[in-house]
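Subject: Structure handover

Hello,

Here is the structure for your files. My notes on what was found in it come after the structure itself.

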Amino acid sequence: MSGTDADPKPQRRLGRRIAIVAPLVVFAALAVLFLVRLEQGGDPSLVPSVLIGKEAPATALPPVEGLDVPGLASADLATGKPMLVNIWASWCAPCREEHPVLEKLATDPRLTVVGINYKDKADNARAFLGQFGNPYARIGADQNGRTAIDWGVYGVPESFLVDGKGMIRFKFIGPLTEEAVAAQLVPELEKIAKGG
C-alpha cells in the first residue's frame, strides 16, 4: 500500500465531528454573550442615537387620508415649542399600551405631540384613533417607511423629543410609560425650558 492510498475514513470522521461541534461552540459563545449582557442590565430603551443634538431629519409627510389632522413637515418641528414626535402604527400592540400616556402628554402645555404613522393603512389608522382617541396635533403618513429610516427608527413605537428649534434632544425606544415620562422625558423638557 502506497502513501497516497491512505484510508479516507479518519478524515470523514473528523469532518463530521467538526460539523457537529462547531455549531455547538457558536451557540455556547452566543449564550455566554447573552447572559453577560443580561447580567449587566441596562435599559434597552436607552439605545443611543446619532441624531441626539442634531437637527431633525428632513420630513415631508402627507396627512393620513381621511383624518382632519394636517401632515408633518420639517418646518412644523421648529415652531419655538418642544414637540414629541411619536412613531406609531395601528398594528403595533405596544402602541396601544402607550396610547393613554400620549393622551395625557397631549394635555401638557409644555409640548405638542405629533405622530408619524408608520407603514399603516389609512383605514386602520383612523379606526385606531377612533377607538383610542387622537393625541396628535399633526400626523404624517410614512407609508413606505423611508422617513422612519431617516429618523433612525428601530421599530414602533419610538418617540423623539425635538426642541423648539428643530433639534432632537431625546429618544425613547418602546412604549412610553408614566415612569419613563417622569424619569426621563420631563427632565429633558426642563432642560429645554432652561435653555440647556
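The structure holds one disulfide (a pair of cysteine sulfur atoms within 2.5 Å). It joins C92 to C95, with an S to S distance of 2.4 Å. The link of C92 and C95 is right-handed, with 85° about the S-S bond. Both C92 and C95 are buried, where buried means under 20% relative accessible area with a 1.4 Å probe, counting protein chains only.

Before the rest, a note on the source. This is a predicted model, in which local features need pLDDT of at least 70 and side-chain atom pairs count only at pLDDT 80 or more, while totals for chains, interfaces and linings use all residues. Residues are numbered from 1 along each chain as its sequence is written, and side-chain values use heavy atoms, with hydrogens and water left out.

Overall make-up

The protein has five helices and seven strands, taken as DSSP runs numbered from the N terminus (helices H or I, at least four residues; strands E, at least two). Along the sequence the pattern is α-β-β-β-α-β-α-β-α-β-β-α. Of the 196 residues, 41% are buried. Among contacts (heavy atoms within 4.5 Å) with a separation of 6 or more, 74% are between residues 24 or more positions apart.

The core

In the largest nonpolar core there are 47 residues. Such a core is a set of buried Ala, Val, Leu, Ile, Met, Phe, Trp, Tyr and Cys residues joined through side-chain atoms within 4.5 Å. The members that touch the most others are L77, L84, V85, I87, W88, L105 and W151. Elements giving two or more residues to this core include β3, α2, β4 (112–118) and α5. The most comes from α5, with six residues. Leaving out residues up to four places away in sequence, I87 touches I116, Y118, V153, V156, P157, E158 and F160.

Helix α5

Helix α5 covers residues 178–193 and has a kink of about 35° at L185, shortly before the proline P187. The bend at a residue is the angle between axes fitted to the seven residues ending there and the seven starting there. L185 is itself one of the buried residues of α5, as are Q184, V186 and E188. The buried residues of this helix pack against β3 (83–88), α2 (93–105), β6 (158–162) and β7 (168–173). After α5 comes G195, with a positive phi near 85°.

Regards

Methods:
Buried < 20%, exposed > 50% of the residue type's maximum accessible area, 1.4 Å probe, protein only.
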